[in-house]
Amino acid sequence: MIYQGVLTKMQTEFLEPIQYYLVFENDFIHMNQLLNKPIEMKLVGHQCLSCGLDRPIYRQGFCKTCFFDKPVAGDWIMRPELSTAHLGKEDRDLEYEKKVQLQPHIVYLANSSNVKVGVTRKSQVPTRWIDQGAHEAIEIVEVPNRYLAGITEVALKDYVADKTNWRNMLKNDVTDENLLEWRQNLKQHIPEEAKDYFIENNSETHLHFPVVQYPLKPKSLNLEKQISYAGNLVGIKGQYLIFEDQTVFNVRANEGLVIELNV
Ligand SMILES: [Zn+2]
């Protein structure tokens, strides 16, 4: 069966194990069903996720023009503390920014290779944790806008990592941590403006990924250079496809590529 479409991050379902779907314009591919099977991917073009044109992808699935112009790629996306919609102040498009920023946000701890702090819209829990390949996670505060979540994250970064190691995550080189204890220890460092939003009663969420075989030495597939690749799919974790020969492919980092998928 040959499918063709533009890559966007896989949609997921929080089940045991997590279910993954690749969504193309005319097809919906249940990736878990392809485990232990050979698949082939071929790069056939590019399609910017914003303007739809066949242009080189610059970042986050967008061409360079869209990345620097469109409200969906504002700096506050990656750096929530730069959010200004709560002040009525526009970055690129105030209506859009109000819609996204002025809604409940969560500051959380997730453990994918080490414990890290992160920010997400409440509606993106637990999707965000799945996308990061975290095997456990917990919410710290629930705040009414993105700015408050951003400044909380910045304050906590002094005491906990805000990055993870994707190789360790894929190798499943992980330890279980007591996130409740971490959360309790970090509580004192939450900034004044967000202190009242601490979630008092909470428990860890555990996530199970569909992986048959973890890679010992993951090597990242660059489809732009290699153009085509074939291998046996042996796992999916985070937004990575894991193959038997230890090749890994980060679907999210390749958004905007038009590929042909042969399964
Ligand atoms: Zn574009």
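I looked up Gln 11 first: Gln 11 stands opposite Tyr 21 in β3. The model is predicted; local features need pLDDT of at least 70, side-chain atom pairs count only at pLDDT 80 or more, and totals for chains, interfaces and linings use all residues. Numbering starts from 1 along each chain as its sequence is written.

I then followed β2 and β3 (residues 19-23), which pair in the antiparallel sense over three bridges. Strands here are DSSP runs of E, at least two residues; helices are runs of H or I, at least four, numbered from the N terminus. Two strands pair if DSSP finds at least two bridges between them.

I traced the open three-stranded sheet as β2-β3-β4, antiparallel. Its edge strands are β2 (11-13) and β4 (28-30). The twist averages 25° from one strand to the next.

Next I took the open sheet of four strands, order β7-β6-β8-β9, also with antiparallel pairing. β7 and β9 (205-206) have a single partner strand each, so one side of each lacks a neighbour in the sheet. I found seven bridges joining β6 to β7. Tyr 108 has Gly 118 in β7 as its bridge partner.

I turned to α7 (residues 179-186). Its buried residues (20 or more other C-beta atoms within 10 Å of their own; exposed means 12 or fewer, partly exposed in between; C-beta atoms placed from the backbone) are Leu 179, Arg 183 and Leu 186. They fall within an arc of 70° seen down the axis, so they line one face of α7; the arc is that of the directions from helix axis to C-beta atoms. Exposed Glu 181, Gln 184 and Asn 185 sit on the face turned away.

Technical notes: Axes are lines fitted to C-alpha atoms, for helices over the stretch in contact, and angles run from 0 to 180 degrees between N-to-C directions.
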